[in-house]
Amino acid sequence: MAKAYFGRRYMLSASHRLHSESLSDAENRATYGKCNNPHGHNYVIEVLVGGEVDRETGMVVNMATLDETVQEHVLARFDHTNLNCDALFVNQVPTTENLTKVVFDVLKQALPAGKLEYVRVEETENNFFEFRG
Amino acid sequence: MIELTRRATFSASHYYRNEAWSEEKNEEVFGRCARRNGHGHNYTLEVTVSGEADPVTGFVVDLKWLKDVIEDEVLADFDHRHLNLEVPEFAEKKLIPTTENIAIAAWNRLEPAVSKAGGARLSRVRVYETPEIFAEYRGEQ
């Protein structure tokens, strides 16, 4: 059977502030610029899963199942929140690089083994980050 | 190696039904996509070919040529059609025109033409059913 990929895009609105506890205030401002101020984004979370196309359904994954998983593990946790306050960002700065890895790890745990191909997070229309594990 | 992608759009109708299943099971698995009278989408097809730029033309492939291949091999049969009823891959084989299967069908139609031309190989076909839903096929078995 053929291996194909199914992709889905979700939106997540959250606030954050890029600030490292290991830097001084002046260093934080120099490093992160305006991102050192609290602000927010409409993030787009793109999830790609890969696998055999099921003979009976014609699908790699049932979209309803994928939607439920992403809703439960990612959107319910992060949408309309302050990322800096989440336990997963206590010890790391909520850059979009780190958010991408966090979302990948959370979904890797929640989805069937081997299915998750990548997570892409678009912070704005002009920048995005991708993690494949 | 360079990858080159061309986009095209087509509009088509379809439904998801496994004829071996009961009405209830079709509704349970496919939801509103199982409705017998079907529904439609504006699909976006992304075709990616890869190869080296020709030293004389600077092209991996001529984009106009690729546009014509997509038109002749895919759009001519898929655009403004009912996929379940009118497109052989789905109508004759009773294959469900999911986004995954549409991507595979498009690959199977495009691959011989790209291979025959030489110089570049088909590396990816991605089909967007909506801006938020897509499937892709890279020729993997």
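This is a predicted model: local features need pLDDT of at least 70, side-chain atom pairs count only at pLDDT 80 or more; totals for chains, interfaces and linings use all residues.
View 1. The buried residues of helix 3 of chain A are Leu99(A), Thr100(A), Val102(A), Val103(A), Phe104(A) and Leu107(A). An α-helix has 3.6 residues a turn, so residues three or four places apart point the same way. Helix 3 of chain A covers residues 96–110, and its 15 residues should span 21 Å at 1.5 Å a residue; the end C-alpha atoms are 21 Å apart, so the two values agree.

**View 2. Chain A as a whole.** Chain A has three helices and five strands. Read from the N terminus, its elements follow the order β-α-β-α-β-α-β-β. Along the principal axes, the C-alpha atoms of chain A fill a box of roughly 60 × 25 × 25 Å. Of the 133 residues in chain A, 26% are buried. When contacts between residues at least 6 apart in sequence are considered in chain A, 67% of them join residues at least 24 apart. The mean pLDDT of chain A is 96, and 100% of its residues reach 70 or more. Confidence in chain A is highest in strand 1, at 98, and lowest in helix 1 (residues 25–32), at a mean of 96.

**View 3. The contact between chain A and chain B.** Chain B gives 18 residues to the contact, and chain A gives 16 residues. On the side of chain B that touches chain A, helix 5 (99–117) and strand 5 (133–137) of chain B are the elements that give two or more residues. Strand 5 of chain B supplies the largest share of that side, five residues. By residue type, the side of chain B that touches chain A divides into nine nonpolar, five polar and four charged residues.

**View 4. Strands paired across the two chains.** Strand 1 (residues 3–16) of chain A pairs with strand 5 of chain B in the antiparallel sense, over five bridges. In this pairing, Ala4(A) stands opposite Tyr137(B), which belongs to strand 5 of chain B.

**View 5. The largest nonpolar core.** In soluble globular proteins, nonpolar side chains tend to be buried together. The largest nonpolar core has 62 residues, and those that touch the most other members are Val49(A), Val103(A), Ala103(B), Ala106(B), Leu110(B) and Val127(B). Helix 5 of chain B gives the largest share of this core, eight residues. Leaving out residues up to four places away in sequence, Ala103(B) touches Ala4(A), Val125(B), Arg126(B), Val127(B), Ala135(B), Glu136(B) and Tyr137(B).

View 6. Most residues other than glycine have a negative phi, and most peptide bonds are trans. His80(A) has a positive phi, near 55 degrees. The loop that holds His80(A) runs between helix 2 (63–78) and strand 3 (81–82) of chain A. His80(A) has 10 other C-beta atoms within 10 Å, so His80(A) is exposed. In chain B, phi of His80(B) is also positive, near 55 degrees. His80(B) is found in the loop between helix 2 (63–78) and strand 3 (81–82) of chain B. His80(B) counts as exposed because it has 11 C-beta neighbours inside 10 Å, and the cut-off for an exposed residue is 12 or fewer.

Terms used:
Residues are numbered from 1 along each chain as its sequence is written. Chains are lettered from A and ligands numbered from 1 in the order in which they are written. Two residues are in contact if their C-beta atoms, placed from the backbone, lie within 7 Å. Helices (H or I, at least four residues) and strands (E, at least two) are DSSP runs, numbered from the N terminus. Ala, Val, Leu, Ile, Met, Phe, Trp, Tyr, Cys and Pro count as nonpolar, Asp, Glu, Lys and Arg as charged, and the others, Gly among them, as polar. Two strands pair if DSSP finds at least two bridges between them. A nonpolar core is a set of buried Ala, Val, Leu, Ile, Met, Phe, Trp, Tyr and Cys residues joined through C-beta atoms within 7 Å. A residue is buried if 20 or more other C-beta atoms lie within 10 Å of its own, exposed if 12 or fewer, and partly exposed in between; C-beta atoms are placed from the backbone. The expected span of a helix is 1.5 Å times one less than its number of residues. pLDDT is the predictor's confidence in each residue, from 0 to 100.
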